[in-house]
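Subject: Structure handover and findings

Dear colleague,

Please find the structure below, together with its sequence. The findings follow it, and I would be grateful if you read them with the model open.

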Amino acid sequence: MRLGVLDVGSNTVHFLVVDAHPGAAPLPAYSHKAELRLAELLDADGAIGAEGVERLTAMVASSIRVAEDKGVVDLLPFATSAVREAVNGEAVLARIADETGVALQVLSGQDEARLTFLAVRRWFGWSSGRLLNLDIGGGSLEMACGIDEQPDVACSLPLGAGRLTARLPGDVADPDDLRELRRHIRTEIARVVGEFARIGAPDHAVATSKTFKQLARMTGAAPADAGARVPRRLTRAGLSAWLPRLSTMTVAERAQIPGVSEGRARQLLAGALVADAAMDLFGLEQLDICPWALREGIILRRLDTLDLAATRPPALTA
């Protein structure tokens with residue numbers, strides 16, 4: 001069947017059309033996306049501004065038109081931290097539903113962590129043993145660890161690259177702002193490290209998200225056009241070597257780094273600080289990059305429900 005996944009993220013609104021059926025890997029068929037950076041468009045009160053709401057509603061409407069053109073039979077629309085935490089989130093959802101007919105499902109931070117973990121588990125398989133996954137979004141950092149398809153521990157922290165970039169005003173980061181942000185990030189992550197330590201050290205540490213992919217590319221990983229199945233890795237040593245340079249670069253200079261998009265260049269430093277802190281506090285020297293993440297987790301969960309419905313035995317009758 002042809003599915004459409006509408007992902008309203010804190011950085012990007014992405015509508016992905018996939019061909020999928022239970023027991024098989026979903027195959028991307030068409031991609032339609034726009035970088036709205038909602039996490040950076042919140043006003044002083046924490047609301048998504050009028051411009052952001054207009055652009056978001058228009059993007060959802062255009063995604064519906066794409067779905068019709070591409071023959072999508074099942075739409076899976078969801079939103080993450082930017083909408084979840086906006087003070088006018090309910091009003092935004094109501095307006096989108098009224099103008100487009102789309103009812104966005106707002107995922108909790110834990111749901112994001114669990115569904116991303118499911119995608120990572122399916123990609124790497126059971127041979128990974130106890131799996132730890134880290135995901136840096138625009139609004140939040142998700143972490144999950146476990147030995148099954150459902151993690152034993154899953155949590156979400158307000159440490160997204162877009163959200164934190166607001167604390168680094170200016171074209172070049174101020175050293176005092178940078179030090180304060182670094183302290184804040186490490187304090188937040190340190191609060192939850194113990195929950196993960198209690199279930200044991202991971203056998204395989206993995207990272208998902210555009211931020212981690214760009215950091216890996218920056219430190220020497222293969223480019224995107226090499227294909228999804230090419231192994232990619234982010235090392236703590238490589239990241240640590242780059243951090244002092246990133247902290248003194250302008251946004252334009254960061255955008256010239258191979259693999260870093262112009263739209264994400266401003267967020268790169270904050271994302272690097274989160275990645276460095278997480279790797280340090282979890283005692284990780286390297287992270288393997290997984291090409292599947294939340295969208296694929298949503299698709300896999302949907303396919304699982306279809307598979308169960310198809311194989312459920314008929315009800316007994318008297």
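Strands β7 and β8 (residues 153–157) pair in the antiparallel sense over five bridges; strands here are DSSP runs of E of at least two residues, helices are runs of H or I of at least four, and both are numbered from the N terminus. Two strands count as paired if DSSP finds at least two bridges between them. This is a predicted model, in which local features need pLDDT of at least 70 and side-chain atom pairs count only at pLDDT 80 or more, while totals for chains, interfaces and linings use all residues. Residues are numbered from 1 along each chain as its sequence is written, and side-chain values use heavy atoms, with hydrogens and water left out.

The surroundings of β7

Leu141 of β7 has Leu157 as its bridge partner in β8, and six residues link β7 to β8 in a hairpin. Strand β6 (residues 131–136) is joined to β7 by six bridges, and these two strands run antiparallel. Leu131 stands opposite Gly146 of β7, and the hairpin formed by β6 and β7 has four residues between the strands.

Six of the six residues of β7 (residues 141–146) are buried, so the strand is largely enclosed by the rest of the structure. Buried means under 20% relative accessible area, exposed means over 50% and partly exposed lies in between, with a 1.4 Å probe and protein chains only. Leu141, Met143 and Cys145 are buried on one side of β7, and Glu142, Ala144 and Gly146 are buried on the other.

An open sheet of five strands has mixed pairing and the order β3-β2-β1-β4-β5. Its edges are β3 (27–35) and β5 (105–106), each with a single partner strand, so one side of each has no neighbour in the sheet. Strands β1 (residues 2–8) and β4 (residues 74–79) run parallel and are joined by six bridges; Gly4 has Leu75 of β4 as its bridge partner.

Helix α1 (residues 50–69) lies across β1, β2 (12–19), β3 and β4, and runs at about 160° to β3. Axes are lines fitted to C-alpha atoms, for helices over the stretch in contact, and angles run from 0 to 180 degrees between N-to-C directions. Among the buried residues of α1 are Val53, Leu56, Met59, Val60 and Ile64. The buried residues of this helix pack against β1, β2, β3, β4, α2 (81–85) and α3 (89–100), where contact means heavy atoms within 4.5 Å. After α1 comes Gly71, whose phi is positive, near 75°.

Contacts elsewhere

Ala119 is found in helix α4 (residues 109–124) and is buried, with a relative accessible area of 0%. Ala119 and Gly297 are 178 residues apart in sequence, yet their C-alpha atoms are 4.5 Å apart in space. Leaving aside residues up to four places away in sequence, Ala119 touches Trp292, Ala293, Glu296, Gly297 and Leu300.

The axes of helix α7 (residues 210–218) and helix α10 (residues 268–281) come within 10 Å and cross at roughly 90°. The two helices are therefore roughly perpendicular to each other, a term for angles of 65 to 115 degrees; under 35 is roughly parallel, over 145 roughly antiparallel, and the rest oblique. Thr211, Phe212, Gln214, Leu215 and Met218 of α7 make the contact with Leu268, Gly271, Ala272 and Ala275 of α10.

With kind regards
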